[in-house]
Amino acid sequence: MTTSPIGRRGLLKGALGLGALAATGSLAACAPPGGTSAQPSKLTVSATEAKGEITIWNRSGDLFKVFDAAIGEFRKAHPNVKVNHQAVDIDAKLTNTLISGTDVPDGSFWDDAKIGGQAEHLFDLTDLIAPYKEQTSAYKLSVNTVGGKIYGVPWDLDPGLLWYREDILDKAGVDPASLATYDDLLEAARTVREKDPKTRPIHLEKTPFLSQLWLEMLAGQQGTSLTDAQGKLRLDSQEYRRIFTWIQTAVKDGLVTHAPYLEPADVNTLDNGQQVFVPWAIWWSFAPQQLLKSTKGKWRAAPLPAWTPGGARSGAMGGSSFVIPAKAKNPELAWLLYEFLCFKEPGYTAVYGPNDVYPGGLSTSIPSYTPAADPAKPLFKPIEALGGQDLWKVAVEAGATIPAAAPIPWWFAQSVDYLGDNMQRLMEGKMSPDQVISDSAEKIQKNLIDRS
């Protein structure tokens, strides 16, 4: 982001999909799929002339303005389609609207986390997405799939990256290219601290919800997630134990700054050189562009380290897609719009490329459609606040390594009371990895899964 300053709350709610939920620290509970006997409808599109009127919901803020401009390009391509583009509090309104079936929009922006829980109220888009499936991120398809059917039009991809202070690593003699594994990252952090004892180089998140979201990014790198496709909990696993043990080691070795995402304590320690490494999603690019002062231009992005040699160098942290309610009046036209924005030119360029809101382009995520995410054809420009680094190339190459996952469980936010809180205890040295796993798994199973 290079212009139009936007607060942390606005950034999260406007651009980050699942990360948007961190703005309030809560997620409205969604009923699990299969809660009624209703069968989702499959949407097909006829070859008739595109003509009519649709109502489309989006979140308010800068992202709404970006989509509004992109919809202007759609109107040029389809002059006989009237688009009523409305800014709505989607988190508060969409679920209830879908359940009641009253005044539903023809299409809506929505967090990937919520789509699976409301599949019965959405159109099955499997056949329409089929022509684009092979060229769409496997991760985005997997989180939009329930029972083998696709219910969301995949939009953004939020790859995890390793953000680091280039100047500090130079002084410490650490080559960023050498950070191939998380063990390498620990060694680099020790080297940095030896050069400057005041550093606590690695950021660990103090907000329970965001720490759990971050955990899922790290688990996703290893090809796993909190539940499998059938909803079975898989927290008690080698992959999660590996993450928790790494956190425990970093804490015991004094390599950690435990701070809440971009709150004053976090920003201050980022700017004063105490924090050097931030393993986080692409949307952390907001920090050097809008919040950091003395270190603006000194941060860079690299792929995340791998958990095992040769493993995936990124995982997804957050994300959003588009849905078409089963009771929409003009679902075919809504599909035509979303197909244009996600899979067609000039649609995806209008969304991500330079525009009046962001003259350098939208740089807090990348497209999930691979023809739009070409490393050699950037849709947003190199970022001055990152020393002119080509973040586009780093992000799309990292995004291409993200493994497929499983639908995000409807109870994800409720589980933060157990898993997210226990992660904080681990980071404070009050719980062991095995205690986090056993206590969290028992409570999630008993209080959430068994009751659904």
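The dialogue below turns to one helix and then to the cavities.

Mentor: This is a predicted model, in which local features need pLDDT of at least 70 and side-chain atom pairs count only at pLDDT 80 or more, while totals for chains, interfaces and linings use all residues. Residues are numbered from 1 along each chain as its sequence is written, and side-chain values use heavy atoms, with hydrogens and water left out.

Trainee: Which residues of helix α3 are called buried?
Mentor: In α3 (residues 90-100), they are Ile 90, Asp 91, Leu 94, Thr 95, Thr 97 and Leu 98. Buried means under 20% relative accessible area (1.4 Å probe, protein chains only).

Trainee: Why are the buried residues of α3 said to line one face of the helix?
Mentor: Viewed down the axis of α3, they fall within an arc of 165 degrees, and therefore they line one face. The arc is taken from the directions that run from the helix axis to the C-beta atoms.

Trainee: How many cavities of 30 Å³ or more does a search of the whole structure find?
Mentor: Three. A cavity is a set of points on a 1 Å grid over the protein atoms alone where a 1.4 Å probe fits but cannot get out; lining residues have an atom within 4 Å of a point.

Trainee: What is known of the largest cavity's space and lining?
Mentor: The largest cavity holds about 230 Å³. Of its 24 lining residues, the closest to its centre are Tyr 139, Glu 216, Ser 225, Ala 405 and Ile 408. Helix α9 gives the most to this lining, four residues.

Technical notes. Buried means under 20% relative accessible area, exposed over 50%, partly exposed in between (1.4 Å probe, protein chains only). Helices (H or I, at least four residues) and strands (E, at least two) are DSSP runs, numbered from the N terminus. On a 1 Å grid over the protein atoms alone, a cavity is a set of points where a 1.4 Å probe fits but cannot get out, and a pocket is an open set with protein on both sides within 12 Å along at least five of seven lines; lining residues have an atom within 4 Å of a point. Grid points are joined across faces, edges and corners, and a volume is the space filled by probe spheres set on the points.
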